[in-house]
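I open this notebook to record what I looked up. The entries follow in the order of my reading.

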Amino acid sequence: MSLPYEQKASTGLQQLGLSVACQQLDQASQQAAAAGWSYSHFLGYLLEAELAERHRRTVELNLQFARFPYLKRLAAFDFTAQPGLARRLIDELATGRFLHDGRNVVLLGPPGVAKLTWLLLSVG
């Protein structure tokens, strides 16, 4: 009796364009049954991966549209080359919390040291 509904779930996820959730349906169902998850926990688990993948694709697409000549990440930044730069402060700024709090950030330094370039290329 439940087999048709399992097929309907898979087909429905595909029709709704939830490909990641569809791929994880069997594994998530088995995990939910073994652990005794509630229905809402199971659904949240299934949708979490779908939303994460959509976010990843959105960021990737936005970076393509931006047409940056190359991407730099904070992980690749050589903090030893700039000993006056506090890594802890940069890591804090990378969280974006200042945006939520409505605070300003001012980057000071002489011209030509790529302040804005690193800011723009590190986003994403």
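Which residues are buried in helix 3? I find that Phe42, Leu46, Glu50 and Leu63 are buried in helix 3. Buried stands for under 20% relative accessible area, exposed for over 50%, and partly exposed for what lies in between (1.4 Å probe, protein chains only). Helices are DSSP runs (H or I, at least four residues), numbered from the N terminus.

I note that the model is predicted: local features need pLDDT of at least 70, side-chain atom pairs count only at pLDDT 80 or more, and totals for chains, interfaces and linings use all residues. Residues are numbered from 1 along each chain as its sequence is written, and side-chain values use heavy atoms, with hydrogens and water left out.

I then looked up the extent of helix 3. Its 28 residues reach 41 Å from first C-alpha to last, close to the 40 Å expected at 1.5 Å a residue; the expected span is 1.5 Å times one less than the number of residues. After helix 3 comes Arg67, with a positive phi near 55 degrees.

Leu43 belongs to helix 3 (residues 39-66). I record Leu43 as partly exposed because its relative accessible area is 46%.

I turned next to aromatic pairs (ring centres of Phe, Tyr and Trp, its six-membered ring, within 6.5 Å; planes under 30 degrees apart are stacked, over 60 edge-to-face, the rest tilted). The count is 2 aromatic pairs. Trp37 and Tyr45 form a tilted pair, 4.9 Å centre to centre with 55 degrees between the planes. Phe77 and Phe79 form an edge-to-face pair, 4.8 Å centre to centre with 75 degrees between the planes. Both Phe77 and Phe79 are buried.

Note on methods:
Helices (H or I, at least four residues) and strands (E, at least two) are DSSP runs, numbered from the N terminus.
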